Amino acid sequence: MRTALLKVSLQRRWASALRSDWTREEISEVYNLPLLELIHKAAVVHRENFDPSEVQQATLLSIKTGGCNEDCGYCSQSVKNKTFVKPSPMLTPEQVLESAKKAKAAGSTRFCMGTAWRGVGKKKAFDKVLEMVREVNKLGLESCCTLGLLSGEQAKQLKEAGLTAYNHNLDTSPEHYSNVVTTRTYEDRLQTIANVRKEGISVCCGGILGIDEKESDRIGLIHTLATMPEHPESVPINALVAVKGTPLGDRQIAKGGMVTWIDMVRAISTARVTMPKTMVRLSAGRMDFSESEQALMFYAGANSIFTGDTLLTTPNPEFSKDASMFKTLGLKGKVPYTGATEKFRPQEWDETHSTTFAIKKQVPGKLAAATA
């Protein structure tokens with residue numbers, strides 16, 4: 001009886017206003033719905049809030065690879081892990097700008113720059129990052145950084161440079177986090193997110209499936225995200241790309257298992273239902289899923305991807321392959337600073353780039369015959 005009443009309660013509330021008061025029990029109930037029912041619910045919510053044919057294309061470039069002192073059990077760039085990745089110098093602003101131009105030409109409208117750092121700290125290279133942000137902005141792209149831990153002052157400097165978004169993933173649930181990394185805490189991550197949000201920068205925050213977590217940890221991650229005072233503007237859902245030499249990668253390789261398309265669909269659908277206005281990014285690990293499996297993920301609410309043949313240090317589908325998939329599925333790219341990111345559009349962008357990108361007012365898709 002209690003479960004039946006909870007289902008009725010959920011059905012009544014899914015189509016209502018944004019919520020930050022989800023309980024773990026409610027999110028568990030959503031996550032564990034029969035798969036087709038869950039996909040249907042998520043698809044309805046998606047169409048109530050977005051054009052289902054529109055998918056954001058983002059490109060992530062490693063601007064400082066390897067040599068990180070963190071001990072993340074999944075990461076090929078940690079000095080604690082013996083992998084194929086070797087430390088390399090930071091790219092120059094000129095090199096980064098050239099990559100951003102290629103990404104834009106291939107259809108990307110967000111360009112993200114990542115460093116293998118625990119955090120910015122007192123690094124002089126931060127000034128170069130600020131210059132990179134300013135140069136990427138001149139192309140009319142949304143700019144994004146993932147630099148590790150940030151102080152409030154550093155977040156302010158990024159905002160002043162014109163940064164659109166900051167990525168800082170929580171990876172997993174609070175309970176499982178210390179099994180993944182010990183050189184920082186969950187609270188450290190949450191504080192950086194708070195610093196970013198305070199400065200008016202778009203928050204990009206998600207997690208990873210396949211890091212020896214339980215289903216309860218996936219539910220716990222989504223609960224943490226969905227109960228933030230303001231939901232992240234984008235939530236990346238990553239499938240672990242197992243790299244030999246990393247503790248969690250080696251464990252997955254030894255088991256012979258991998259994240260399944262069902263795992264991804266459940267996580268994406270639950271994120272879509274609980275955070276209806278958030279961009280849900282089908283992120284790392286796409287090489288392991290067929291086009292038809294990815295199509296189901298888009299149907300269930302994923303509306304953002306990373307494009308380009310490399311995602312930091314791991315393989316990713318080439319631009320041309322994604323273009324072919326978009327054509328097959330009838331998908332189109334998202335224009336920068338529209339929809340979920342419209343409120344972050346700088347005034348000078350309208351003056352300089354409004355003719356470069358054809359901006360049309362976004363009208364969420366309607367599914368008149370479908371009901372929650």
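How many bridges join strand β2 to β3?

Author: Five bridges join strand β2 (residues 110–115) to β3, and the two run parallel; strands pair if DSSP finds at least two bridges between them. Helices (H or I, at least four residues) and strands (E, at least two) are DSSP runs, numbered from the N terminus. This is a predicted model, in which local features need pLDDT of at least 70 and side-chain atom pairs count only at pLDDT 80 or more, while totals for chains, interfaces and linings use all residues. Residues are numbered from 1 along each chain as its sequence is written, and side-chain values use heavy atoms, with hydrogens and water left out.

Within this pairing, Phe111 has Ser143 of β3 as its bridge partner. Between β2 and β3 the chain passes through helix α5 (residues 126–137), and this β-α-β crossover is right-handed (with the strands pointing away from the viewer, the path from the first strand over the helix to the second runs clockwise).

Strand β3 itself (residues 142–146) is mostly covered, with five of its five residues buried (under 20% relative accessible area, exposed being over 50% and partly exposed in between; 1.4 Å probe, protein chains only). In a regular strand the side chains alternate between the two faces of the sheet. Here Glu142, Cys144 and Thr146 point one way, whereas Ser143 and Cys145 point the other way.

Strand β4 (residues 165–167) also runs parallel to β3, and two bridges join them. Cys145 stands opposite Tyr166 of β4. The chain reaches β4 from β3 through helix α6 (residues 152–161), in a β-α-β crossover that is right-handed.
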